[in-house]
Amino acid sequence: MTVDGIIYNATIATFDEQVSAPYGMIENAFLAWRDKKIVAVGDNIDMQAFNAKYELDAHGKLITPGFVDCHTHLVYGGDRAKEFEFRLQGKSYQAIANEGGGIMSTVNASRSTSEDNLYNIAISRIKRLQQSGVTSLEIKSGYGLNFESEVKLLRVIQRIKQDSPLNIIATCLAAHAVPKDFSGTKDDYIQWVCEELLPEIKQLGLADAVDIFCESIAFSQQHAQQLFSAATSLGLPIKGHVEQLSQSQGTDIVCQYNGLSADHLEYADEHQVKKMKVSGVIPVLLPGAYYYLNEKQKPPIQYIRKYNLPVAIATDLNPGSSPIFSILTAANMACVLFGLTPEEALKGITINGAKALRLNSKGVIQKNSDADFILWPITNPCELVYETPAVLPNKTWIAGHQQEI
Ligand code: NIG
Ligand code: FE
């Protein structure tokens, strides 16, 4: 069989659940790809069956799937360095938000930044993420919060989708906060999102999913219910920022609507973890926000393990609670702060990150998966989460094409 490329003498962390070794590891291995897909993975001995236009001896080095960052807010204007300083002078994240800072300050900066500028800044942020091995990512709106600006942010994401080789998922997070200039209550705002904004965004084809910030400082369970019902009737899958700063019970509503994922989860309890298991909702941990906000309540890892849920890890890249530009830093934090094993953390940014976005052919190296993979200058996958800043990729392929990063 003629293929586009072969890499041999590799140590391949496949994250294939059919491979019983930790990390789905195969040593002295090759992989072959053709037409954007992996066509074979296995012992070097079996590579004789393939002819390749491109061949590379990996000299025993590690190959992993390209990483999936399933939760980012990376299209925004401005920065919040000043608020970082305020927090360290003793002001809380909630207090800053209540005084009109926080999300609203990024909304103001994003509204006054042109679409082209937002696009250029976002592309440079994605380059930084790529340097930590990311090849697929989700990007949310949520810093526009009026018709014109939410559409502007989603258009930027759309342009990135078209121009970038990375696989991008767009999520509408108009239910992030009620903007100060909205004339009405929270209920009115959610009603506007459900009845006017979402149908239009669906019509324009600008979103793949819908998200909400369910929290005492943001939206309630009832608001989530209304939003998810509207999204579902438009055929859009849902997810939520839930149980981050308190028991908001948003997780229960995400489960009720068989959402893609429930994200943050510091305050989730055993009952909610069971519900996630039953409804197929993927728990997504965001240790960057926990770290930057200096939180003390840890997500219920013991129950996630007890009920054997696939757990994903993401950067939550945003200017306020998680200005983290490396998925490997997020994975390292999941190990150090939440006690995940390196294997759990790396599954969280590969196969389980892909599950959180229902991307079945990403985050894994197996026959018929997408040819998105990274060659690293190391041999033991644990090293990926060991050093900070993390080791850099040696070479990256997306859809079978080697990338210049
Ligand atoms: O995921 N929790 C709500 N949204 C973001 C923070 C956004 C911000 O502070 O700008 C988060 O942590
Ligand atoms: Fe977030």
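This report describes the sheets, the iron site, the ligand surroundings and some backbone details of a predicted model.

## Basis of the model

Residues are numbered from 1 along each chain as its sequence is written, while chains are lettered from A and ligands numbered from 1 in the order in which they are written. Because the model is predicted, local features need pLDDT of at least 70 and side-chain atom pairs count only at pLDDT 80 or more, whereas totals for chains, interfaces and linings use all residues; side-chain values use heavy atoms, with hydrogens and water left out.

## The parallel sheet

Four strands form an open sheet in the order β6-β7-β8-β9, with parallel pairing; here two strands pair if DSSP finds at least two bridges between them, and helices (H or I, at least four residues) and strands (E, at least two) are DSSP runs numbered from the N terminus. Strands β6 (67-69) and β9 (209-212) stand at the edges with a single partner strand each, so one side of each is left without a neighbour in the sheet. On average, and with direction ignored, neighbouring strands of this sheet are turned by 25° against each other, where axes are lines fitted to C-alpha atoms, for helices over the stretch in contact, and angles run from 0 to 180 degrees between N-to-C directions.

Within this sheet, β7 (residues 134-140) runs parallel to β8 (residues 167-175) and is joined to β8 by five bridges, with Ser136 standing opposite Asn167 in β8. Helix α6 (residues 186-204) packs on the sheet and touches β8 and β9, its direction making about 150° with that of β8; contact means heavy atoms within 4.5 Å.

## The antiparallel strands

Strand β2 (residues 25-34) pairs with β1 (residues 2-13) in the antiparallel sense over six bridges, and Ile26 in β2 is the bridge partner of Ile12. Strand β2 also pairs in the antiparallel sense with β3 (residues 37-43), over six bridges, and there Ala29 stands opposite Asp43 in β3.

The hairpin of β2 and β3 has two residues between the strands, and Asp35 takes a positive phi near 50° in this hairpin. Lys36, in the loop between β2 and β3, has a positive phi near 75° and counts as exposed at 53% relative accessibility (buried means under 20% relative accessible area, exposed over 50%, partly exposed in between, with a 1.4 Å probe and protein chains only).

## The iron site

The iron ion (ligand 2) is coordinated at 2.0 to 2.2 Å by His71 (NE2), His73 (NE2), His241 (NE2) and Asp316 (OD), donors being N, O and S atoms within 2.8 Å of the metal (3.2 Å for Na, K and Ca); water is not among the atoms, so sites may look incomplete. His71 lies in the loop between β6 and α1 (81-88) and His241 in strand β10 (residues 240-242), so the pair ties together parts that are 170 residues apart in sequence. His71 is buried, with a relative accessible area of 0%, and His241 is buried as well, at 4%.

## Surroundings of ligand 1

Ligand 1 is surrounded by 15 residues, of which the closest are Arg80, Tyr93, Tyr143, Asp316 and Ser321; a residue is near a molecule or strand if one of its heavy atoms lies within 4 Å of it. An oxygen atom of ligand 1 is 2.4 Å from an N or O atom in the side chain of Tyr93, and a nitrogen atom of ligand 1 is 2.9 Å from an N or O atom in the side chain of His176.

## A cis peptide bond

Thr388 and Pro389 are joined by a cis peptide bond with omega about -5°, and Pro389 has its place in the loop between β14 (373-375) and β15 (395-398).

Notes. Polar contact = N/O pair within 3.5 Å; in protein donor to acceptor, adjacent residues only side chain to side chain.
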